[in-house]
Every structure is written in structure tokens, then in C-alpha cells.
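Let's take a walk through a protein model together.

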Amino acid sequence: MTETLTAAVPATEDLFRADAYAVTTTATVLAVSAGEAGAEIILDRTLFYPMGGGQPGDTGVILAPDGTECVITDTRKGTQPGTIAHRAASAGTLAPGQTVTLRLDWPRRHKLMRMHTCLHLLSAVIPAGVTGGQVGEDKGRLDFDIGELVLDRDAIEAQLNALIAADHPVGQRAITDAELDANPGLVKTMSVQPPRGAGIVRLIEIPGVDLQPCGGTHVARTGEIGPVRIEKIENKGKRNRRVVLAFAEG
């Protein structure tokens, strides 16, 4: 962006934390900035998840009061603390103070939710530290520091699909920074640590299966993921292996 926001704006209320299944809502435009790369729109609240934790930013539409649509091509964390920036080629008729309607690209988001939850299951199946990962619409991957562990592709796929078919509930709860520091084993990612400083850390819990810090969006039950297949296991170094999986049925 060639222009940045100069006036302070309040943090964006992230509605997707409380309800990952909400697809439309109204919001108020707080700020619009435009530059050669396009436009960024800051709202008082949003359903759109900003890129982070390996999960891409959401896409969709912001409907202006005059009925015109602003197509959101990406969502990122804003330059000001706590804000969420909706990116578009052009802001069109959007202006601060307007009440607008948000419509999330739900089919895309739902695939990302299914894949993100599936990667949590994968991290439960493979007892090794996670060195990287990426959530995609049709494929996903995790990189593991396996040490002397030998990975069996067929066994991993069978265990993963068994956890999916068991239809475990997926929930969330919060702990304090101090509680997280006292339980370092909750953090599986070796290269990225969950954010601290706000006092509260969000955990995604699949009872009896997995519990770890995560800010992303997830399905309500593992059965919603559907069958998956392990596409390949790649050698990324002496200790590192990349496990790539995909939905078996789209």
C-alpha cells in the first residue's frame, strides 16, 4: 500500500472467534486506505479471518449501502494493533461511517476449517515437534522434526481417518499466559510460539485426542472433515519430514 492509515482506529471485533460458522453480518466502516496495490478497509467488526498460523486470509464481499459490491481478495492483520484489514482491488463506494453487509466466501472457508482441524489430528497421530505447516483449500501439510522416528504412510492415513470417523467434538477454551508457561508441552510448533502478552491464550481442544494453542477457525466435529489421504511424505533433511495430505472426496 502506498498510503497508510494516519488516524488511530479501535481494534476490530473478531466475530469468527465465537462463531466460525457465521457467514454474513453488518459492520461499520472505520477507515479506508488506497494505494497502487489496491485498497484496505478497516471495519469495527468482521467475520473474515486474517492470514496467520498457516491459515490463509478469508475472501468474500462487502456490500455498500448503494448496493455495489467490494470484492475482498485477502484479509490480513492491520498495521495498527488489533485491527483487521480487508484487501480489495478497489474500495469502490465504501467510506468511513457507512453501515455495510459482509458476506463470507463460505465454501472456501469451510474447506480451510476442515483442513485446519485435520492438521491438528495429524499432529496428534505423529508424536514429533512441528517445524512448519500450511492450511490449503484442498491440501495441507505439516513438517515434523522426527529424530529417529520412522513414518509409515499407510498407518498414518489409517489412524487419521479413524479419528475423523470417530466424530470427536472440537471445542475451544482459554488459559492464562502463566498456565501456558507452566505447561510447555501444549505448544507443538517449534519455530513459532503462540502470542503472549494479552493475558489469555486460546486453546483448541479435541477431548482425549489433542489440545494446543491456535487462533484459527475449526469445524465443530472431526466427522465434518471427511476422508483424507496422505499424498506423500517428503524428506526435508536429516531429521525433517513433510507430510502432505488431501481430501479424498473434495
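We will visit a sheet, then a helix, then a single residue.

This is a predicted model, in which local features need pLDDT of at least 70 and side-chain atom pairs count only at pLDDT 80 or more, while totals for chains, interfaces and linings use all residues. Residues are numbered from 1 along each chain as its sequence is written, and side-chain values use heavy atoms, leaving out hydrogens and water.

Start with the open sheet, where four strands follow the order β9-β10-β15-β14 with antiparallel pairing. Strands here are DSSP runs of E with at least two residues, helices are runs of H or I with at least four, and both are numbered from the N terminus. Two strands pair if DSSP finds at least two bridges between them. Because β9 (129–135) and β14 (228–235) each have a single partner strand, they stand at the edges, and one side of each has no neighbour in the sheet. On average, neighbouring strands are turned by 20° against each other, direction ignored.

Now look at β10 (residues 139–145) and β15 (residues 240–247), antiparallel strands joined by seven bridges. Phenylalanine 144 has arginine 241 in β15 as its bridge partner. Helix α3 (residues 153–165) packs on this sheet and touches β14 and β15; contact means heavy atoms within 4.5 Å. The direction of α3 makes about 145° with that of β14, where axes are lines fitted to C-alpha atoms (for helices over the stretch in contact) and angles run from 0 to 180 degrees between N-to-C directions.

Finally, find glutamine 55 in the loop between β4 (45–46) and β5 (60–63). Is glutamine 55 buried or exposed? Glutamine 55 counts as buried because its relative accessibility is 0%; buried means under 20% relative accessible area, exposed over 50%, and partly exposed in between (1.4 Å probe, protein chains only). Leaving aside residues up to four places away in sequence, glutamine 55 touches Tyr49, His116, Val135, Gly216 and Thr217.
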